[in-house]
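Please keep the sequence and the coordinates at hand while reading.

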Amino acid sequence: MLFSKRLIKGGVHPNGQKKLSNNNAIVKLAPPKRLFLSLKQHSGAPAKAVIQVGDKVTAGQMIATGQGGSANIHAPYSGTIESIAEHVAAIPGGGKQTMVQLLCDSEPNNNYIKLHHHYQSRAELIDIIADAGIVGMGGAIFPAATKLRSTLNKEIDTLLINGCECEPYLTCDDLVMQEQCVQVVGGVRYLLEACAAKKAIIGVEDNKPLALQALIDATSEDDNIEVQTLPTHYPMGSAKQFIQALCKVEVPKGKRSTDVGVFVQNVATCAAIYNALRFGNAMTQRVVTLSGGALEQPMNIEAPIGTLISELVATCGGLKLSAARIVVGGPMMGHTITNMHSPIMKGTSGILFLNEDELPQTTSSPCVSCGRCVAACPMGLLPNAMAELIANDDLEAAQKQGLNSCLLCGSCAFICPASLPLTQYFSYATTEIGRQKKMQQKAQLARRLNQQRTRRLEQEAIKKAAEKAAKKAARAAGGTRPQRSPRVPKTAKQES
Amino acid sequence: MPTLLLSAPHVHSGMTVSRLMRQVILALLPALVFGLYLFGEQALILVIASLSSGLITEWLCQKCQDKPIGNLMDSSAIVTILLLVMSLPPHFPWYLGALGAAIAVIFGKQVYGGLGQNLFNPAMLARVVLLISFPVEMTDWPSPTPVLPAFSGLNELIDGFTGATTLGSVMETGSAVIDMQLFPLLLGINPGSLGESPVLLLIGGIWMAYKGVIDWRISVALLVGCLLPSTIAWGLSPETVLTPIAQLASGGLLLAALFIATDPVTSPTTPKGRILYGLGCGALIFLIRIFGAYPEGAAFAILLMNAVSPLIESVTKQRTYGESK
C-alpha cells in the first residue's frame, strides 16, 4: 500500500455500508396514487409544460418539453393532471419547484405511448435519446443527448461506463448491473454507435463482485467492450478521477472529457438508453437506494419519477429510529432535506436516513495543520490553506489556490481530525463567486448600455446641429434672411 | 424529523485531534517509563512537577481568554510537556522543570493564540530557554541508577558509563574512540536525557507511522539528512567523529525525528515540503554536532526549520489535477 502505484491521487476509504441494502433484489413499487413531476429534473432551464390542468394523460405521454438543452418529461402512468403548482422539492436548500401533479388512474391500463425509435444516423439516434428525456443518472443530471451531441464534431476514442458507485450506502447501480446487465450492455452498444468510439470500458469497484461477474458474462461476445475492476477508493467514481484511473490521462483544466477523446456515462443511464432505443420507452422510472441506520428495511426500489419519498419509506417498513439526518444522494456529496413530502427526481440515486451514531460530530476543534486534507485531496489542492483564505473572505486568493478545481467531493472534511467543515467553505465560496460574477456582468451590461445611450444622444445632437446648419445654409443661399456670424459656444471658451 | 439543513459530508473518519494527541502520548510512554526506571524518583518528581505546572498554566491561560482556541481536554499540552521533560537531564531541578513547562505553554503556544497557531515547537522553545538560562543544570548528566535490578549484568554495564553524555564527551575530548557496547547504547542505558532510549522510541515511532499519526517522510528525511553526512564525515575522520550507529542512538536524534519534528503544527503540510523540512532539520543537527558550540543541536535545528516551514510550504505546492506537468 505504501509504495504501490495508486490509480488516483489522494482519496479516502469511508466505510462502504453497502451490505445494508445490496442483499435483496430490486423491489418494484406498486403504482402510487399521486406523482409530483418537477419541471426541473435536470441541469439547465426548466422544461415547459405542454398539458393543461384537467387533461387526461396516457402513460409515456410527454407532459413537458425540454428547452435550451434541457430534457423532456413524460407521464409514468395514465391519469389526470390535478395541478401545475409549486411543491416542496428534494433540492439543496430545501426550496420549492414548479411541479405537475398527476393523479394516477386507480385501474391502470396497459396503454403506453411509445417513442418513435427508428434511426438511420448518429444524429437521429441521439434525437431519440433526447426525446426519451434521459439525463445522467449518476448525479450530474446533465441531459444525455446534449452531452452526446457535443461528440458529433469531436473524435472519441474510448467510451467509459461508470459503475464505480464509490459513495457509501448507495447500491442502486450495483443492483442495476446485477439484474439488468443485459440492458446496461445493450445501452453501451448503442452508446458506442452514438459517439463513434472505438472501444468501451466498464469500470466497477472491486466491492461489487456479483455485478462484475454479471457484466463479464454479458460482454463475453463483445470484442470492443471491456470490464475492468477498480480498487474501492473514494472518489473513484468522480468523472475526472475515473478517467485518470482507466485511461491514465488527466482532463486539462477548463476542458471537458470529450477534449481528451473520452466520453463518460453512468451504468443506469446506459440501461435507460437501451430501453429507449430498443423498446421506445421514455425515462419514467429509476432505481433508488433507501438505506441508513434509521430505516427498518433498507432496500433498492424501482419507482416512477415523482414518487413521494414518504411512500418509499412506507415500502421499507418505515423508520425504526428517528432519523437524525435525511440525505438525498450519497453521504459524501449528498444534501439534506427536512420534508419527506418531496418527490424523487431523475437524478435521485439514494435517500439515506442516518441515525445519530452514523453522523459526524458537528463541533470542530482548531486546525493543527496535520496535512491530512492535503494528502486526501484528489485534485492536489491545499484545502486547509483555501479554507483559511475563505474564512478571511479572500475569495480571489482562494481561487488562485485552485478553488475552481474543487470537486466538493468531501474527502478533506471526511478525514479532518479537527472536523472542520471544509467542504462547506468551498461550496459557499464557489456559490459566492458565481453570484459576484453575475453581479459584475450585470454592472458591466448596465455600464455598456449607459455608454451606448450617451453615445447615441451625442450623435443625435451632432446630427441635429448639422441639420440645423444645413437648413441655415440653404436659407442663406435662398437669400431670404441676412447671414449671421456663427456663435462660438461658451463652454469651449471656458475650457480653454 | 430533522429540522436543520447541514452540509456534506454526512460521514466522518472518526479521527479527532485529541485522539491523535493521546496516540502520541501512548507512543511516548515506553521510553518515558523506562527513563523513570533508570533515573529513579527524582526524575518522577520532575515529570509530575512539570505536568502539573504546565496543565495549570494552560488552564489559567484559557480562563483568561474570551474565546480560547482548544481546550485542556485535547491533551495537546500533555504532549508538549512530556516532550520537554523527556529532552531534559533526568535529575533537572523540579522547580526549573515546572518553570520550563509554563514557558512552553505561555510563550510557546498561548501567546500565539493557542493550539495550532504557534510558529515554533513549544517544547523545543522552552528547552532552549532553559539551556541558555540554566546552562549548569542543563548539562548535568547523572548515570542511570535503576531502582530495581531487572536483570543481572545490567549494573555492570551501567558502571561503564559515568560522567558526560556520549556526544558531550566527544565534544570535550575531541576523540570519538569510546569503548562502547551496542546493547546498552541501543537501549539507552547511558547518561543522557530522561527519555532517550533509542529502541523504545523507535517502537513508538514506527507504531505512530503505521497508525498514520505521523508522516514517515519527515522522520526518514531527518535521519537521512543527519546520518548521511555523518557517515561521510566518519569515513573521513573516524578518530573525531562518532560511528553512525552511535550518532543515531545518542542525543535526541530519534526523539527529534519521530516525535518533535513531526509536530504537525510547526511542520509543512505538503509531502515534498515535509521531505525538505526533514532533510533541513537533519542537516542542521549534523552541522551543530560537528561544528557547533553545543554537543547536541536538535532543539536549535528544529526551531530554525520551524521558522522557514511556511516558506517551504509555499514553494512546494503540489501540482493540481489537470495542470500541465
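## Cis peptide bonds

P235(A) lies in the loop between strand 11 (225–230) and helix 6 (239–247) of chain A, where helices (H or I, at least four residues) and strands (E, at least two) are DSSP runs, numbered from the N terminus. The bond that joins Y234(A) to P235(A) is a cis peptide bond, with omega about -5°. In chain B, a cis peptide bond with omega about -5° joins A8(B) and P9(B), and P9(B) belongs to the segment before helix 1 (17–64) of chain B.

## Basis of the model

This is a predicted model, in which local features need pLDDT of at least 70 and side-chain atom pairs count only at pLDDT 80 or more, while totals for chains, interfaces and linings use all residues. Residues are numbered from 1 along each chain as its sequence is written, and chains are lettered from A and ligands numbered from 1 in the order in which they are written.

## Positive phi in a loop of chain A

The loop between strand 9 (158–163) and helix 3 (172–179) of chain A contains E165(A), whose phi is near 45°, a positive value in a residue other than glycine. E165(A) has 34 C-beta neighbours inside 10 Å and therefore counts as buried; a residue is buried if 20 or more other C-beta atoms lie within 10 Å of its own, exposed if 12 or fewer, and partly exposed in between, with C-beta atoms placed from the backbone.

Y169(A) is also found in the loop between strand 9 and helix 3 of chain A. Although Y169(A) is not a glycine, its phi is positive, at about 75°, and Y169(A) counts as buried because it has 33 C-beta neighbours inside 10 Å.

## Sheets of chain A

Four strands of chain A form an open sheet in the order 2-8-7-4, with antiparallel pairing; two strands pair if DSSP finds at least two bridges between them. Strand 2 (34–38) and strand 4 (56–57) of chain A stand at the edges with a single partner strand each, so one side of each is left without a neighbour in the sheet. Strand 7 (residues 79–88) and strand 8 (residues 96–104) of chain A run antiparallel and are joined by nine bridges, and A85(A) has M99(A) in strand 8 as its bridge partner.

Strand 14 (residues 299–304) of chain A is mostly covered, with five of its six residues buried. Strand 1 (residues 27–28) of chain A runs parallel to strand 14 and is joined to it by two bridges, whereas strand 13 (residues 285–291) of chain A runs antiparallel to strand 14, with six bridges between them. I301(A) of strand 14 is the bridge partner of V27(A), and V288(A) also stands opposite I301(A).

## Domains of chain A

Chain A is divided into domain 1 (18–29 + 114–304) and domain 2 (364–454), the bounds coming from an automatic or database domain assignment. Taken over C-alpha atoms, the centres of domain 1 and domain 2 of chain A are separated by 30 Å. Five residues from domain 1 and five residues from domain 2 of chain A take part in the contact, two residues being in contact if their C-beta atoms, placed from the backbone, lie within 7 Å.

## A UniProt site and a helix in chain B

An unreviewed UniProt entry places the feature "modified residue: FMN phosphoryl threonine" at T165(B); such annotations may be inferred rather than shown by experiment. T165(B) lies in the loop between helix 6 (154–159) and helix 7 (166–173) of chain B, and counts as buried because it has 21 C-beta neighbours inside 10 Å. Not counting residues up to four places away in sequence, T165(B) touches W141(B), P191(B), G192(B), S250(B) and P295(B).

Helix 10 (residues 216–236) of chain B has 21 residues, which at 1.5 Å a residue should span 30 Å, and its end C-alpha atoms are 30 Å apart, which agrees; the expected span is 1.5 Å times one less than the number of residues. Among the buried residues of helix 10 are R217(B), L222(B), C226(B) and W234(B). The buried residues of this helix pack against helix 9 (198–211), helix 11 (244–249), helix 12 (253–260) and helix 13 (271–291) of chain B.

## Contact between the chains

In the contact between the chains, 34 residues of chain B meet 54 residues of chain A. The side of chain B that touches chain A divides into 15 nonpolar, 14 polar and five charged residues, where Ala, Val, Leu, Ile, Met, Phe, Trp, Tyr, Cys and Pro count as nonpolar, Asp, Glu, Lys and Arg as charged, and the others, Gly among them, as polar.
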